[in-house]
Protein chains: 2
Amino acid sequence: MNAAADTKRITPKSEDFDKWYVEVVRRAELADYTPVRGCMVIRPYGFALWENIRDALDAMIKRTGHENMYFPLLIPESYLQREADHVEGFAPQIAWVTHGGEKQLEERLAIRPTSETIICSLYSKWIHSWRDLPVLINQWANVMRWELRTRLFLRTAEFLWQEGHTFHATDEEAAHEVETMLGCYRELAEEWLAMPVISGRKTDSEKFAGARYTLSIEAMMSDGWALQAGTSHHFDQNFTKAYDITFSDRNNVRQNPFQTSWGLSTRIIGGLIMAHGDDAGLIIPPRIAPIQVIVVPILQGDSEQRAAVEAACQQLQRESTVRLRIDNREDMRPGEKFAHWELRGVPLRITIGARDLASGVVTITRRVDGHTQTLPLNQLATQLPALLEEAQTAIYQRAQRLLQERSVNVASLSELTAAFADRPIFANAPFCNRPECEEAVKNAAHALTIRNLRSDQSANGAPCLVCGKPTEHIAVIARAY
Amino acid sequence: MNAAADTKRITPKSEDFDKWYVEVVRRAELADYTPVRGCMVIRPYGFALWENIRDALDAMIKRTGHENMYFPLLIPESYLQREADHVEGFAPQIAWVTHGGEKQLEERLAIRPTSETIICSLYSKWIHSWRDLPVLINQWANVMRWELRTRLFLRTAEFLWQEGHTFHATDEEAAHEVETMLGCYRELAEEWLAMPVISGRKTDSEKFAGARYTLSIEAMMSDGWALQAGTSHHFDQNFTKAYDITFSDRNNVRQNPFQTSWGLSTRIIGGLIMAHGDDAGLIIPPRIAPIQVIVVPILQGDSEQRAAVEAACQQLQRESTVRLRIDNREDMRPGEKFAHWELRGVPLRITIGARDLASGVVTITRRVDGHTQTLPLNQLATQLPALLEEAQTAIYQRAQRLLQERSVNVASLSELTAAFADRPIFANAPFCNRPECEEAVKNAAHALTIRNLRSDQSANGAPCLVCGKPTEHIAVIARAY
């Protein structure tokens with residue numbers, strides 16, 4: 001809350017996007033580094049943002065029939081080892097507890113990197129019959145994945161997330177669940193976070209360790225890079241066989257259930273910042289903004305005029321049904337306050353001074369595009385919800401335009417290389433989904449990855465951009481965080 | 001959801017209270033043991049209960065001006081060691097991370113047993129001036145305290161809690177905060193959990209490691225034992241000096257702020273079970289009950305009559321504004337359903353059959369005392385909120401009666417010993433608050449402890465029950481979980 005700090009210039013995005021990102025996160029007081037390697041502190045403004053995202057998603061998770069639970073933080077090493085791909089995928093990232101109290105443990109305990117193994121161990125005791133299925137559960141928790149290079153929100157050793165886990169009698173039902181929950185993530189991203197996303201299926205090299213397949217949503221950041229914002233996995237019977245989970249079906253035959261999991265983490269806050277922010281700081285979509293409207297009183301003139309302005313602000317606050325705050329700090333100029341709340345991405349700013357009271361009309365400024373309009377003061381409280389919805393739409397449309405402008409269709413590796421010559425983009429290309437062609441794509445330009453195979457488009461037999469074989473898949477190729 | 005299991009007899013409380021407790025927790029599917037030593041799994045019904053408790057308390061925490069944050073799970077060993085009493089108190093209970101990825105760490109990391117040390121480290125950078133005070137923050141998190149003997153909810157290595165942490169310019173302001181937050185805990189216990197509590201100050205031997213003093217709320221369980229249900233600590237400047245946190249006051253003089261912390265955990269669910277439960281299982285107060293009303297359709301007669309009953313149940317659900325569920329399982333008899341929901345402590349049960357439809361009157365049964373009443377079906381939806389409030393009051397009054405019946409005043413050690421000869425009680429006694437007298441009290445009967453020095457009563461100079469010196473304190477003496 002240091003006024004001087006807020007008006008200090010932020011490194012422009014165009015100059016150094018990474019530096020801009022870290023400065024915005026820290027100066028807007030969303031989060032900060034800690035003395036604990038790889039672990040961040042989420043500060044009140046950042047945590048309020050997470051609470052709003054969490055509450056929106058939690059409602060969707062419950063609406064779709066899931067119940068929350070809580071599983072142990074620590075997982076014995078022997079439990080992790082029962083699904084071979086899984087342990088191979090996660091072993092290099094695990095933090096190990098070796099001592100409890102003052103004694104060395106007989107078996108090392110992993111801090112959960114994800115909870116499939118402990119959940120399967122428990123449900124092997126709880127699932128007996130087709131009547132026990134489906135199991136539809138979710139947990140909000142911290143997880144730990146040891147990381148060498150960390151970045152606030154985007155890549156930290158500890159992060160917060162939800163992990164949904166389900167067991168089903170049939171493959172089809174599990175496949176439907178995987179789609180349903182990816183749909184919830186899409187709804188969260190597009191309708192709440194104002195981030196248009198591309199849904200699709202990961203290639204085998206990018207799927208979750210132990211899954212048959214993984215679906216993802218991918219968003220474009222304002223530098224043209226991609227961010228994977230949520231994933232949903234079909235496990236087939238891989239874990240239920242490894243952990244010996246069985247049920248008697250309606251014909252009294254023992255079967256292994258089909259399993260899914262799906263997760264979304266505090267990483268999405270990083271995506272939100274990079275998708276929408278600008279050189280003045282954050283731009284937060286109103287539906288998840290901790291503060292939706294900031295009111296800056298302009299206190300000039302005699303004490304009577306000042307009292308009238310303060311009274312008008314308080315009346316607006318009383319009448320308002322949105323998350324509105326009055327900035328009545330006395331030791332700051334209005335311009336400093338503007339910079340303070342622009343940095344923090346508050347969607348709407350209202351200034352109220354003695355002249356506005358005299359005219360009965362006040363000015364509202366929209367954070368996303370600086371659009372200003374005037375409204376009669378006595379209509380303001382009732383108009384604010386609609387103005388916030390307009391701001392939400394404006395942020396979404398701006399992100400949508402970026403995605404359109406920086407997406408291209410390519411038909412060959414040389415076109416792909418050329419497309420990335422200028423700047424990072426999303427390249428859509430027919431792709432056969434074979435590992436050797438994926439390798440060729442990755443090497444066509446610096447740091448390319450296949451984000452996913454789009455679920456909304458088909459190649460209709462067009463030739464793979466690498467090998468030329470006819471394919472149905474359209475891959476989204478991009479650089480990724 | 002096994003019907004046979006629900007009608008199986010639970011060990012009566014009078015026969016073996018500890019066994020009764022564990023059976024109720026497991027068979028009501030609140031929580032269970034896991035293969036991970038000391039760590040429990042909180043199952044959907046138990047977690048829904050925790051969500052309701054958490055949401056009620058979170059609203060109080062925010063109402064009193066606090067903001068939520070999130071701090072790292074891991075704390076470097078050197079950080080823990082800076083406040084001598086604190087590290088001495090917690091060292092025997094710490095789980096240590098020694099390896100990250102595949103490498104041994106240079107310094108061991110503790111899984112947080114509580115977060116004072118990491119919070120002080122961070123705030124030493126963030127607090128500069130009197131303008132930065134007060135700092136009023138809270139975190140909902142998991143913590144780990146290695147325990148040899150564990151019991152579901154009551155004593156587990158990992159548990160969920162909230163920990164509030166505040167920094168203030170003056171001692172008085174910190175003292176006021178400590179009282180305010182204990183008041184929130186009392187409000188939660190009494191108004192939401194229907195548990196009457198005794199507020200007071202812990203003796204020095206029972207205070208938090210590093211605190212100047214600790215306040216607590218203590219509840220009576222139905223076996224006459226005590227449960228500490230929430231604590232609030234005044235830290236003086238102990239940590240702010242050890243961690244070199246300073247601010248410039250209004251006269252530009254460097255000062256160490258005064259600090260508090262306060263916590264309430266999933267342990268309170270154990271208290272709720274033991275305070276209210278009976279031989280049929282849980283009794284959950286309506287305000288926090290995941291299911292407030294269970295409707296059991298009595299499906300007899302022809303298909304038309306059955307359809308009418310089902311339609312009436314559905315209409316009630318549509319019109320109801322409370323948390324109401326219809327149990328329409330087909331493979332269970334009504335009596336089995338009654339036992340199922342009694343075990344789970346649902347406050348009100350409504351049965352609806354063809355005869356009830358014909359008469360237009362249905363029967364409602366209250367879980368806490370089996371009280372039944374009839375109401376016109378068409379008034380039911382509007383009457384349910386009032387019936388639930390009555391059930392809430394009935395549960396509170398029952399607990400209040402127990403506390404009164406099993407509290408005695410004693411004036412000497414021999415009276416104290418005699419008072420505990422029959423059964424566990426709460427003994428109130430004038431007490432001088434010296435360690436040697438506390439030792440004498442503890443030895444007066446098996447497992448006695450001083451719960452707290454009551455804040456609502458004064459001894460007015462009566463003689464200490466041990467040494468006879470005049471004192472102002474009334475101690476509550478009890479056996480405790």
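Chain A of this predicted model contains 15 helices and 25 strands; helices (H or I, at least four residues) and strands (E, at least two) are DSSP runs, numbered from the N terminus. Residues are numbered from 1 along each chain as its sequence is written, while chains are lettered from A and ligands numbered from 1 in the order in which they are written. Local features need pLDDT of at least 70 and side-chain atom pairs count only at pLDDT 80 or more, whereas totals for chains, interfaces and linings use all residues.

| Property of chain A | Value |
|---|---|
| Span of the C-alpha trace along the principal axes | about 85 × 60 × 45 Å |
| Radius of gyration | 25 Å |

For 481 residues, a compact globule would have a radius of gyration near 23 Å, and the value for chain A agrees with this. The radius is taken over C-alpha atoms, and the globule rule is 2.2 Å times the number of residues to the power 0.38.

Of the 481 residues in chain A, 49% are buried. A residue is buried if 20 or more other C-beta atoms, placed from the backbone, lie within 10 Å of its own. Helix H9 (residues 267-276) of chain A is mostly covered, with ten of its ten residues buried; among them are Arg267(A), Ile268(A) and His276(A).

In soluble globular proteins, nonpolar side chains tend to be buried together. The largest nonpolar core here has 298 residues; such a core is a set of buried Ala, Val, Leu, Ile, Met, Phe, Trp, Tyr and Cys residues joined through C-beta atoms within 7 Å. Leu416(A), Ile477(A), Leu416(B) and Ile477(B) have the most contacts inside this core. Two residues are in contact if their C-beta atoms, placed from the backbone, lie within 7 Å. Apart from neighbours within four places in sequence, the contacts of Ile477(A) include Leu416(A), Val441(A) and Arg451(A).

Between the chains, the contact takes 43 residues from chain B and 42 residues from chain A. Strand S5 (residues 95-100) of chain B supplies the largest share of the chain B side, six residues. Strand S5 (residues 95-100) of chain A is joined to S5(B) by five bridges, and the two run antiparallel; strands pair if DSSP finds at least two bridges between them. Ala95(A) has Gly100(B) as its bridge partner in S5(B).

A rotation of 180° with 0.0 Å of shift along its axis superposes chain B on chain A (RMSD 0.0 Å), by least squares on the C-alpha atoms of residues with pLDDT of at least 70 in both. That is the relation of a two-fold axis.

Methods: Buried ≥ 20, exposed ≤ 12 C-beta atoms within 10 Å, placed from the backbone.
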